Amino acid sequence: MMALTDLLRFLVVLLFVALYINGMLTPVLIAALTMLTSTIEAFRMPAGSAITPLLLEPSYYTLGKAASYSFSRVSQLMGYIVSGGLIALIGSAGVLVIDAVTFFISAVLILWIRVTENNKTDETKDVNLNQIFSDFKEGISFLKGSRIVQMISVIGLVINFGLMPLTVFQTPYVSDYLNMGAGMLSYIKILMMVGMMVGAFVTPRLLKFKKGNLCVAAGIGMGISIVCMYVTPDIHLVIGKMVLLTLSMFFVGVGGGVLNVVIGGLMMAAVPQDKMGRMSGLNAAIMEASMPVGSFICSALALMLNVTQIFALFGICTILFYMLIGGSHSADILSTNTEVEQAMMLQTRL
């Protein structure tokens with residue numbers, strides 16, 4: 001599935017380039033091709049999540065998630081750095097061709113991967129609409145019965161909601177409140193990516209602490225950093241404003257990196273391999289569905305509050321949420337060994 005989706009995206013981008021070169025690209029076609037690409041990506045994400053536990057031993061789940069997350073952020077950062085120069089050198093069409101080629105290379109590399117999948121129970125199933133709904137309901141049932149997966153889903157939602165003001169109001173915040181230009185937008189994005197890389201990189205070294213406590217600390221740190229964006233515009237010294245903004249965006253990224261690695265490793269450990277695909281798809285659907293809701297809430301709040309006040313509100317809510325987790329038994333749920341981890345520990349002792 002992963003190789004097929006990468007090949008399809010390779011063809012879609014090539015079609016995009018062909019239409020662009022021939023002057024046939026219209027806003028309607030751009031929207032249609034973007035929707036098609038997003039739909040293909042939606043099929044790839046669960047497949048990618050499902051194959052990871054087949055490649056790693058349970059003891060390497062968190063380390064593998066950290067490596068994957070770090071490398072993806074590094075490649076994204078490199079793309080930001082070189083894209084401007086490449087566009088100036090070979091033009092937009094040339095850069096899109098490079099983009100298409102990366103999908104093709106990815107498909108070829110994935111085809112070389114050899115894993116043993118447990119599909120015995122699924123060989124006799126017909127792939128039809130009823131079966132799809134049945135699998136979906138099975139995923140919902142598993143979610144209802146697993147407290148750790150419920151916590152992972154809730155934390156994912158809070159990450160999305162907490163960062164929503166940055167997504168919605170980043171441009172007016174920079175232009176109207178910081179009185180800075182487009183370069184600052186790129187600076188903020190780069191800072192957050194670097195922070196995410198650092199957070200993902202250091203997480204395996206922090207596993208001597210309880211995972212629940214790590215999540216609480218990272219979440220509170222993100223909340224404090226978001227609240228700092230309320231204070232930043234009021235600092236008169238430019239250097240002071242830049243220092244606080246730099247630290248805030250960096251630690252937002254660090255917190256996001258730590259949380260993504262920890263909950264990603266917990267998800268792989270808590271969900272059986274035969275259910276990983278559908279649970280990843282279900283969680284992705286929940287996360288994606290939350291984004292327009294978060295955008296709507298931000299837009300509604302903008303009628304009553306200014307942008308910095310909205311940052312403060314979301315930051316405080318984020319802090320309170322993670323303090324609530326830390327003050328209850330919810331953090332202990334994330335720190336409890338799953339069945340997979342318990343089996344691994346028992347095997348190690350034997």
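Helices (H or I, at least four residues) and strands (E, at least two) are taken here as DSSP runs, numbered from the N terminus. By that definition Thr 308 is found in helix H10. The structure is a predicted model, in which local features need pLDDT of at least 70 and side-chain atom pairs count only at pLDDT 80 or more, while totals for chains, interfaces and linings use all residues. Residues are numbered from 1 along each chain as its sequence is written, and side-chain values use heavy atoms, with hydrogens and water left out.

The overall picture comes first. The chain holds twelve helices and zero strands, giving the pattern α-α-α-α-α-α-α-α-α-α-α-α when read along the sequence. Of its 350 residues, 39% count as buried, where buried means under 20% relative accessible area, exposed means over 50%, and partly exposed lies in between (1.4 Å probe, protein chains only). The accessible surface of the chain comes to about 19200 Å², and 69% of this belongs to carbon and sulfur atoms; such areas come from the Shrake-Rupley method with a 1.4 Å probe, and for residues only the protein chains shown count as cover. Contact means heavy atoms within 4.5 Å. Among contacts between residues at least 6 apart in sequence, 84% join residues at least 24 apart.

The interior can be approached through its nonpolar core, a set of buried Ala, Val, Leu, Ile, Met, Phe, Trp, Tyr and Cys residues joined through side-chain atoms within 4.5 Å. The largest such core has 62 residues, of which Val 149, Ile 155 and Met 249 touch the most other members. Helix H8 (residues 238–270) gives the most to this core, with 14 residues. With neighbours within four places in sequence left aside, Val 149 is in contact with Phe 142, Leu 143, Met 267, Ala 270, Val 271 and Met 279.

Empty space inside the model was examined next. Rolling a probe the size of a water molecule over the atoms shows where empty space is left. On a 1 Å grid over the protein atoms alone, a cavity is a set of points where a 1.4 Å probe fits but cannot get out, and lining residues have an atom within 4 Å of a point. Grid points are joined across faces, edges and corners, and a volume is the space filled by probe spheres set on the points. By this rule there is one cavity of 30 Å³ or more, and the largest cavity has a volume of about 30 Å³. Its lining is made up of Val 158, Ile 159, Gly 162, Met 222, Ile 226, Thr 318 and Tyr 322. The elements that give two or more residues to this lining are H5, helix H7 (211–231) and helix H10 (307–327), and the largest share, three residues, comes from H5. By class, the lining has five nonpolar, two polar and no charged residues; Ala, Val, Leu, Ile, Met, Phe, Trp, Tyr, Cys and Pro count as nonpolar, Asp, Glu, Lys and Arg as charged, and the others, Gly among them, as polar.

Ile 316 and Gly 223 are 93 residues apart in sequence, yet 6.2 Å apart in space, C-alpha to C-alpha.

Helix H7 is the place of Ala 218, a buried residue with a relative accessible area of 10%. Beyond residues up to four places away in sequence, Ala 218 touches Gly 255, Val 258 and Leu 259. From Ala 218 to Val 258 the separation is 40 residues in sequence and 6.5 Å in space, C-alpha to C-alpha.

Most residues other than glycine have a negative phi. Phi of Asn 179, however, is near 55°, a positive value.

Key: On a 1 Å grid over the protein atoms alone, a cavity is a set of points where a 1.4 Å probe fits but cannot get out, and a pocket is an open set with protein on both sides within 12 Å along at least five of seven lines; lining residues have an atom within 4 Å of a point.
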